[in-house]
Number of protein chains: 4
Amino acid sequence: MNLRQILYHQLHIGAKTDGRLTLLNIVLVWVIIAAVVTAIMSTEVEFDRQWHDEILMAELVFGIVFLAEYAARIYAAPEHPGPGSALSKRLRFMLSPLGVIDLVVILVTFAPIFIANAAALRVVRLLRVVSIMKFGRFTAATKEMAMAIRERSYDLLVCIAFAFVFLLCGASALYWIEGELQPEAFGSIPRALWWAVITFTTVGYGDAYPITSAGRVVGSLVAITGVLLVALPTGIVAAAFSDAMQHRREEIQKALEKARERGELDDEDTREDT
Amino acid sequence: MNLRQILYHQLHIGAKTDGRLTLLNIVLVWVIIAAVVTAIMSTEVEFDRQWHDEILMAELVFGIVFLAEYAARIYAAPEHPGPGSALSKRLRFMLSPLGVIDLVVILVTFAPIFIANAAALRVVRLLRVVSIMKFGRFTAATKEMAMAIRERSYDLLVCIAFAFVFLLCGASALYWIEGELQPEAFGSIPRALWWAVITFTTVGYGDAYPITSAGRVVGSLVAITGVLLVALPTGIVAAAFSDAMQHRREEIQKALEKARERGELDDEDTREDT
Amino acid sequence: MNLRQILYHQLHIGAKTDGRLTLLNIVLVWVIIAAVVTAIMSTEVEFDRQWHDEILMAELVFGIVFLAEYAARIYAAPEHPGPGSALSKRLRFMLSPLGVIDLVVILVTFAPIFIANAAALRVVRLLRVVSIMKFGRFTAATKEMAMAIRERSYDLLVCIAFAFVFLLCGASALYWIEGELQPEAFGSIPRALWWAVITFTTVGYGDAYPITSAGRVVGSLVAITGVLLVALPTGIVAAAFSDAMQHRREEIQKALEKARERGELDDEDTREDT
Amino acid sequence: MNLRQILYHQLHIGAKTDGRLTLLNIVLVWVIIAAVVTAIMSTEVEFDRQWHDEILMAELVFGIVFLAEYAARIYAAPEHPGPGSALSKRLRFMLSPLGVIDLVVILVTFAPIFIANAAALRVVRLLRVVSIMKFGRFTAATKEMAMAIRERSYDLLVCIAFAFVFLLCGASALYWIEGELQPEAFGSIPRALWWAVITFTTVGYGDAYPITSAGRVVGSLVAITGVLLVALPTGIVAAAFSDAMQHRREEIQKALEKARERGELDDEDTREDT
């Protein structure tokens, strides 16, 4: 294999038949994690003041790594299977969603080094959290998951409609009962809906709660029904997720068996997987 | 098909064999949603003051749409299968629950335009939330759901009885332990029951909580048992819902197959569904 | 059937083969519910002052009903199947747990009428909540439920041990981190355990929460692990409950079939059940 | 059997084929529980002052019991099956993780008796909570559980990644919307993440919550998605736990059957188990 082929196999997530990450991919995953953590921490004013130079240095390093990765992906793009000239394959990568994300991440990673204006810096720092979208490349699971959920979208919609009607009943009741007593919390249905959602999901911040007997009876009903009704979409989503995971395991198993038949996997790999 | 037949097929939810909504139904669903959202938002005093004229205009439009729908339904009622004269079928629709709801929604939608008195307006605006009951027409799922839950009503009753006995024990214990220490929160069993329900469902507003060691031990037991016991009806409801959804999918499948046998569906539809 | 036989069949919950309640049983269930609700409401000082005479009157009525039921049970006890003289059967009922509960409930129901001392009255009123134990007679489900859970007691114990070790780790960590910063909330491990339980069960009153970064990381871990670990016993209890309910339904089915074979059920009943 | 054999069979958890604890093991379990409870309670300053001498006395007793157990384990170690001299088997036990824990627990149990310095005493008392690690010996379940979860680690990782990306989105949104309005709660992404975790897990302390309309819409989405997404790993962990328990029961059943074939179990035991 020449350098371009090695680079392509190291960079491309689907290149290994058994679904494991290559060494280069593992390095990239850790750099992305480090970049996201740095982006998160740098929004804390106290932390930013104390480690200002180190953060800038880290951002420079992350930017260079991401730039090198982007250049390598463009260089190795012609190795992608399918027809088309080297140039058209490179352009296709650069215009693909993942290619555009790569470029945007490089720009927002380098930006803090050149920007001195504090307000602009704050926005750029927040934008740097998008680095996490680079993970999109590693989520074969996302697509299957989305498909599995779409299949059950009717069930989910029925559940959410039921839940919303119930929320609206609860919120209207409390607007009626305590609207004049606690105008801040229940003075309108949108306000009462905030209370209803927070009670329904059993979060219960305590910023709004009924204080009359009638309101508490309604509140109890909302809390109990919340526990019962919220469980329905949960069950649906859990079943969909479990199906998608099962599907994925079978896909990997099939790919492994095919590869073994073609003799692509050496004995060591086979022994490890069985 | 003449106009009356077209109207009937466009309006009637069960007229399409595959359970999908007709174009007119989709328009009506969105108008109902818009009417409910307007009704909710108009209870917010600030919002109402700023957009007063626009809200009145929207209510006028919604009222006209609902009036036209009501007139069309009465006009198309004779197309309903079964014996009886055109007049008797129209009267039967007007006296059916869905027909009465339609009329009430029209009245409360037009009312804000003619009412100037602020207190009366507030009541009417709240009542306009009943527009959501027009959705009753689209919920074939509701009936099956209700039946599935009724079948397991004994299990649910046992669960709720267990939960209530436990809640009463917890509330009595805290009334006994902290009744004199925190009279506002635990000064009577009904008050302690409010605390018990909010702890049991893990909402936990924080408006009432035990402060003594004994009370905290009881509170911990109530919280832990809550997590365990509340899960039982959840499982029952989730299983009932899943059964009802499965049942519904089979019904639609059967209806589709029957229609295909009779050659009612054209090839395009069949290809889409399989 | 003579009067004693009719009374026995009306009073005894297992006398009807299909598990439904007799007319007399339904009346008794409603009187017990009314007695418990009265007992609960009478602990609210405001309510007690306003309806004092009505509560006393209701308690007198409940007491007379319970006394009559107790007398009828003693009178009808000899109808119970099995060997032994009428007197020994009556004594056996009076000394059985349910017989003793019946007597205690009668005493605490009549007590408020004869007691004038406010402090003593408060205790007696609280004790009247035990009326709910009379429901023990109607819970064939309780026994099966308890057996089903006992079978899985090892699994439950392992779960609870895991959860407790985790709670202790969390509580110790916060005692270490914030013990000196918030002595009221985390000044000792027992205090920190209260916080840990309330976080673990996702109740979250908000009377105690970490304020340092390290404390918040530990708190996040406790909350996330709580959601994961608390679900385990929930699953076990739910499965045990579902088994017990299934078992009960099969038992009733068998009893019905046996009764049908012996021709004990008339045609009307059979038609209703199938 | 000589004394050393009896001691080994009494001490060793796996020595009894049916998985039940020996008498000596039961005594040890209760002493460990008592030691942990004493360690927990002694961190409460009020309690420690009042019962200071009794706590010291109890610690002395626990220390002697643990010392005797440690000595007995070393003495009985040569009974362990497998090759090796008595001395090498004893050394192997002393250097095994469980042997080291035993020694450490003895040291921290005796320490409070010799230490007078209050600050040092506080640290030692906290360390005494490690006594709970002695339970490690009784958890054959732990190992199987850990293995079952490791098998599904990919599913869990995907879930946690999804949840984290969602948390980050919610936290970034609120940092953007309310960062300047509530700097204490949402002034940086790490702070907003604390709010997001506490809302996501439905704990909801109420120390931080959105107050603007936009913030509340985001907060509602985080709460609802939390209920849905947190359920996924829960389902995975519950299934893994259920598998591990099933596996364990089968193992015990097999061991019992083998023992019965070899005639090791007397009739009384067999009758009890079937």
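1. A polar contact is a pair of N or O atoms within 3.5 Å; within protein, one atom must be able to donate a hydrogen and the other to accept it, and residues adjacent in sequence count only if both atoms are side-chain atoms. By this rule, five residue pairs are in polar contact across the interface of chain B and chain A, both residues at pLDDT 80 or more.

2. The model is predicted, with local features needing pLDDT of at least 70 and side-chain atom pairs pLDDT 80 or more, while totals for chains, interfaces and linings use all residues. Residues are numbered from 1 along each chain as its sequence is written, chains are lettered from A and ligands numbered from 1 in the order in which they are written, and side-chain values use heavy atoms, without hydrogens and water.

3. Chain B gives 30 residues to the contact and chain A gives 38 residues (contact means heavy atoms within 4.5 Å). Only 13% of the interface residues of chain B are also interface residues in chain A, so the copies meet through different surfaces.

4. There is one salt bridge between chain B and chain A (a side-chain nitrogen of Lys or Arg within 4 Å of a carboxyl oxygen of Asp or Glu). The side chains of Glu44(B) and Arg191(A) form a salt bridge at 2.8 Å, N to O.
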